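Me: I am new to this structure and would like a close look at a single part of it, the sheet.
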Amino acid sequence: MSLPRNPQKPLLSAENWTTAAPAHHVTLLTKDGCHLCANARTVVRAACQDTGSEFSEVDITTDAALLRDYANFIPVVFVDGVPWDQLRIDERRLRDVLS
């Protein structure tokens, strides 16, 4: 029996055994100059760091569809790809969903 092998990584790479998958993936939609976005960034980063969740931020001005759909609602938080909260992000509620 032959196992598929990725020649770029050793068969028993240490990262496969020691790196835990993130609890959740949180995406924050923002744009420059948005004071609510700055507040949300602080809340989301802290909650993600404390819960072992992955964090990414997307500037809606870099994508015409995002700008069209979310311009009046930012910041918007997605948890695992699902819209979760917008405008003023409640840190306690976010931590609860990420725990």
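In what order do the elements of the protein run from the N terminus on, and how is the sheet put together?

Reply: This is a predicted model, in which local features need pLDDT of at least 70 and side-chain atom pairs count only at pLDDT 80 or more, while totals for chains, interfaces and linings use all residues. Residues are numbered from 1 along each chain as its sequence is written, and side-chain values use heavy atoms, with hydrogens and water left out. Starting at the N terminus, the elements follow the order α-β-α-β-α-β-β-α, which gives four helices and four strands; here helices (H or I, at least four residues) and strands (E, at least two) are DSSP runs, numbered from the N terminus.

The four strands make up an open sheet with mixed pairing, in the order E2-E1-E3-E4, where two strands pair if DSSP finds at least two bridges between them. Because strand E2 (54–59) and strand E4 (82–86) stand at the edges with a single partner strand each, one side of each has no neighbour in the sheet. On average, neighbouring strands of this sheet are turned by 25° against each other, direction ignored; axes are lines fitted to C-alpha atoms, for helices over the stretch in contact, and angles run from 0 to 180 degrees between N-to-C directions.

Strand E1 (residues 25–30) and strand E3 (residues 76–79) run antiparallel and are joined by four bridges, and Val26 stands opposite Val79 in E3. Helix H2 (residues 35–51) packs on the sheet, where the helix touches E1, E2 and E3 (contact means heavy atoms within 4.5 Å), and the direction of H2 makes about 170° with that of E1.
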